[in-house]
Amino acid sequence: MAKTTQPFEIAEAPADISFDEFDENYFQPEIPVVIRGIGGKVRCTDDLTIENIREKIVDKGLVTENTSWFEGPSEMLDLLVDTPEIVSRPMGEAYLRKNHCRLWLNGAGNFTPSHYDGNMIFVYNLQLKGRKEWRIVSPHTPLTNYPFSRAALFGNGGTTPPRKKGIEFSEFVLEEGDMIFLPAFWHHCVRATAESNVNVNWVGTRKSGWVESKSLQRERELLKFALIHYKLWKRTGLLNLMLGAGIEGYVENFAGVGWDFIHEVADDVPFHRFLTRMFKEAAMAPFALKDSKRIKKQLKAKPLDSVKTKSKPKPEEQAA
Ligand SMILES: O=C(O)CCC(=O)C(=O)O
Ligand SMILES: [Fe+2]
């Protein structure tokens with residue numbers, strides 16, 4: 001692709017796209033695509049208010065509360081929506097963690113800064129209610145992250161389009177009923193613009209056939225660090241803190257498999273690449289220190305905060 005700071009046009013597909021077409025054109029080559037209006041094709045409860053969902057799922061303890069979303073097994077989403085075939089078939093071939101479904105309940109202005117998801121997962125995100133604005137960045141021209149992290153530096157963490165030349169990015173809106181398929185390692189930042197927003201995710205990890213990219217290369221090198229660290233210290237606490245943003249069991253249960261999978265991804269990384277990676281990550285430490293207050297605030301956010309307070313976008317975020 002030509003060197004440009006202009007966004008590229010996201011691929012779009014109709015709600016009746018066949019599984020074969022989806023698989024060949026998007027899933028296998030790991031190309032993001034927005035499927036318009038698929039929400040109208042699947043059974044979906046009609047009482048989709050945040051209060052109802054809270055009563056039906058959250059208050060019944062069917063989900064685990066995470067920093068800014070809820071996660072749970074597929075039964076929790078089955079209460080809300082049918083799983084489309086272009087989701088269920090690839091999920092059937094993938095590694096799944098127990099909680100491979102997620103639920104986002106956000107008020108207007110909720111902003112998720114630029115990051116890519118852990119465990120090398122691909123993500124389907126269906127906008128069941130409301131409207132969200134997305135910006136995604138290709139793993140072939142990735143943003144710079146905090147050391148060992150999957151979150152982009154706040155400087156370019158999503159509030160404004162990337163300025164550096166050559167970064168491949170796209171901007172689009174998910175209206176009610178639209179779904180994005182986002183392959184592994186694509187940075188994304190997301191802003192809720194409707195009063196009340198409900199999204200569901202299905203996520204999984206490809207067992208093989210990962211498309212090589214700069215971000216996959218970094219992941220391999222970071223997982224090599226995990227292997228070496230564990231060999232030396234036989235402990236995972238620090239690894240889960242650094243690589244898994246403090247999530248307990250992140251490496252032990254990586255992609256729902258754990259160490260066997262990490263070996264598969266990282267065994268071949270030469271030692272000099274691992275060393276270079278350590279230097280590159282260390283070089284970003286000053287940025288983490290500079291932004292530490294905002295990072296802490298972000299980590300403390302709770303899913304329903306923005307619903308309760310109906311927060312308006314902050315001036316610094318309105319630039320997006
Ligand atoms: O909806 C959002 O605010 C973020 C969504 C997201 O990060 C995801 O689906 O992985
Ligand atoms: Fe995400």
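Trainee: What makes up the shell around ligand 1, by residue class?

Mentor: In this predicted model, the shell divides into 3 nonpolar, 5 polar and 2 charged residues. The residues are Trp-104, Thr-112, Asp-117, Val-123, Asn-125, Lys-132, His-188, Val-190, Asn-199 and Asn-201. Asp and Lys count as charged, so Asp-117 and Lys-132 are the charged pair. Trp and Val count as nonpolar, which places Trp-104, Val-123 and Val-190 in that class.

Trainee: Which strands each supply at least two residues of that shell?

Mentor: Strand S7 (121-129), strand S11 (187-192) and strand S12 (196-205) do.

Trainee: Why is Leu-238 called partly exposed?

Mentor: Leu-238 has 13 C-beta neighbours inside 10 Å. Buried requires 20 or more and exposed requires 12 or fewer, so a count in between is partly exposed. Leu-238 therefore counts as partly exposed. Leu-238 is found in helix H6. The C-alpha atom of Leu-238 is separated by 39 Å from that of Asn-52, 186 residues away along the chain.

Trainee: How do you know that the span of helix H5 is close to the expected one?

Mentor: Helix H5, residues 214-233, has 20 residues and reaches 29 Å from its first C-alpha to its last. At 1.5 Å a residue, 28 Å is expected, and the value is close to that. Just after H5, Lys-234 takes a positive phi of about 55°.

Trainee: Which elements do the buried residues of H5 pack against?

Mentor: They pack against helix H6 (237-243), helix H7 (259-266) and helix H8 (271-283). The buried residues of H5 include Ser-215, Arg-218, Leu-222, Leu-223 and Phe-225.

Trainee: What makes the chain agree with a compact globule?

Mentor: With 320 residues, such a globule would have a radius of gyration near 20 Å, and the chain has 19 Å, so the two agree. The C-alpha trace spans about 55 × 45 × 45 Å along its principal axes. Of the 320 residues, 37% count as buried. The chain holds 11 helices and 12 strands.

Trainee: What share of contacts between residues at least 6 apart in sequence joins residues at least 24 apart?

Mentor: The share is 83%.

Trainee: Which domains does the assignment give, and how many residues of each take part in the contact?

Mentor: The assignment gives domain 1 (7-209) and domain 2 (214-292). The contact takes 18 residues from domain 1 and 21 residues from domain 2. On the side of domain 1 that touches domain 2, the residues divide into 12 nonpolar, 5 polar and 1 charged. The centres of the two domains, taken over C-alpha atoms, are 24 Å apart.

Terms used:
Residues are numbered from 1 along each chain as its sequence is written. Chains are lettered from A and ligands numbered from 1 in the order in which they are written. This is a predicted model: local features need pLDDT of at least 70, side-chain atom pairs count only at pLDDT 80 or more; totals for chains, interfaces and linings use all residues. Helices (H or I, at least four residues) and strands (E, at least two) are DSSP runs, numbered from the N terminus. The expected span of a helix is 1.5 Å times one less than its number of residues. Two residues are in contact if their C-beta atoms, placed from the backbone, lie within 7 Å. A residue is near a molecule or strand if its C-beta atom, placed from the backbone, lies within 6 Å of it. The radius of gyration is taken over C-alpha atoms; the globule rule is 2.2 Å times the number of residues to the power 0.38. Domain bounds come from an automatic or database domain assignment.
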